[in-house]
Amino acid sequence: MPLLGSREMTDLTSKFLEGCSPYISALNYDVNNRRFLLECVDNPVERRPLKRALFSNVLSYVEEIRSDPYDDDCMDSVIGMHWIDKNRFCLTTEKREVILGLEDDPIIETVI
């Protein structure tokens, strides 16, 4: 199901993380297939994948490592997710900021 029909500059973090922790188990950009995957876990102790966001038909991908110092032993976590404009989406985590140019809305799935 699409994340949201509307591409307003709204924070979509709570919609994506509903019933899930912000801790990331997978964050991957597949340049050959133009897909970006974000997967979060149920909690930081058991670390079972619970929610997945799949971004298909990625037109552009820009990743910037945040300059804030961080602990390599800590799990990365989602801070914010929002549309910048009609075709650009921003994902901010504790360690990075990712800007995606998209043709399609992301698909959100609950992992069983």
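Predicted model: local features only at pLDDT ≥ 70, side-chain atom pairs only at ≥ 80, totals over all residues.
A polar contact, as I use the term today, is a pair of N or O atoms within 3.5 Å; inside a protein, one of them must be able to donate a hydrogen and the other to accept it.

Now the threonine. T92 is found in strand β6. Its side chain makes a polar contact with the side chain of E97, at 3.5 Å. Buried or exposed, which is T92? T92 counts as buried, because its relative accessibility is 11% and the limit for buried is under 20%. Not counting residues up to four places away in sequence, T92 touches R66, S77, V78, I79, G80 and E97.

On to the sheets. Start with the one that holds β6. Four strands form an open sheet here, in the order β4-β7-β6-β5, and the pairing is antiparallel. The edges are β4, residues 58-65, and β5, residues 78-85; each of these pairs on one side only. From one strand to the next, the twist averages 15 degrees.

Look at the middle of that order. β6 covers residues 88-93, and β7 covers residues 96-102. Five bridges join them, and they run antiparallel. F89 stands opposite L100 in β7.

Stay with L100. The C-alpha atoms of L100 and F89 are separated by 5.1 Å, and the two residues are eleven apart along the chain. L100 counts as buried, because its relative accessibility is 1%. What does L100 contact, leaving aside its neighbours within four places in sequence? The answer is F36, F55, V58, S60, Y61, N87, R88 and F89.

Two of those names take us to the other sheet. In β3, the bridge partner of F36 is F55. β2 and β3 pair over six bridges, in the antiparallel sense. They belong to an open sheet of four strands, ordered β1-β2-β3-β8, with antiparallel pairing. β1 and β8 are the edge strands; β8 is residues 107-110, and each edge pairs on one side only. Neighbouring strands of this sheet are turned by 10 degrees against each other on average, direction ignored.

β1 is residues 24-30 and β2 is residues 35-41; six bridges join them and they run antiparallel. I24 stands opposite C40 in β2. β1 and β2 form a hairpin, with four residues between them. Which residue in the turn has a positive phi? That is R34, at about 55 degrees. R34 counts as partly exposed, because its relative accessibility is 31%.

There is another positive phi to point out. N57 has a phi near 55 degrees, and N57 is a residue other than glycine. It sits in the loop between β3, residues 49-55, and β4. N57 is partly exposed, because its relative accessible area is 28%.

The largest nonpolar core has 20 residues. Those with the most contacts inside it are F16, F36, L38, C40, F55, V78 and M81. Which elements give two or more residues to this core? They are β2, β3, β5, β6 and β7. Take L38 from that list. Residues up to four places away in sequence aside, L38 touches F16, I24, A26, L27, K51, R52, A53, V78, M81 and L91.

Last topic: charge. Side chains of opposite charge can pair when their charged atoms come close. How many salt bridges does the structure hold? Eight.

Here are some of them. R48 and E46 meet through their side chains at 2.6 Å, N to O. R48 counts as partly exposed at 49% relative accessibility. E46 is partly exposed too, with a relative accessible area of 44%.

E109 and R52 meet in a salt bridge at 3.3 Å, N to O. E109 lies in strand β8 and R52 in strand β3, so this pair ties together parts that are 57 residues apart in sequence. E109 counts as partly exposed at 32%. R52 counts as partly exposed at 25%.

E63 forms a salt bridge with R96, the closest N and O atoms being 3.4 Å apart. E63 lies in strand β4 and R96 in strand β7, so the pair ties together parts that are 33 residues apart in sequence.

Definitions and conventions
Residues numbered from 1 in each chain as written. Heavy atoms only, no water. Pairing = 2+ DSSP bridges. Axes fitted to C-alpha atoms, helices over the stretch in contact; angles between N-to-C directions. Buried < 20%, exposed > 50% of the residue type's maximum accessible area, 1.4 Å probe, protein only. Contact = heavy atoms within 4.5 Å. Core = buried A, V, L, I, M, F, W, Y, C linked by side-chain atoms within 4.5 Å. Salt bridge = Lys/Arg side-chain N within 4 Å of Asp/Glu carboxyl O.
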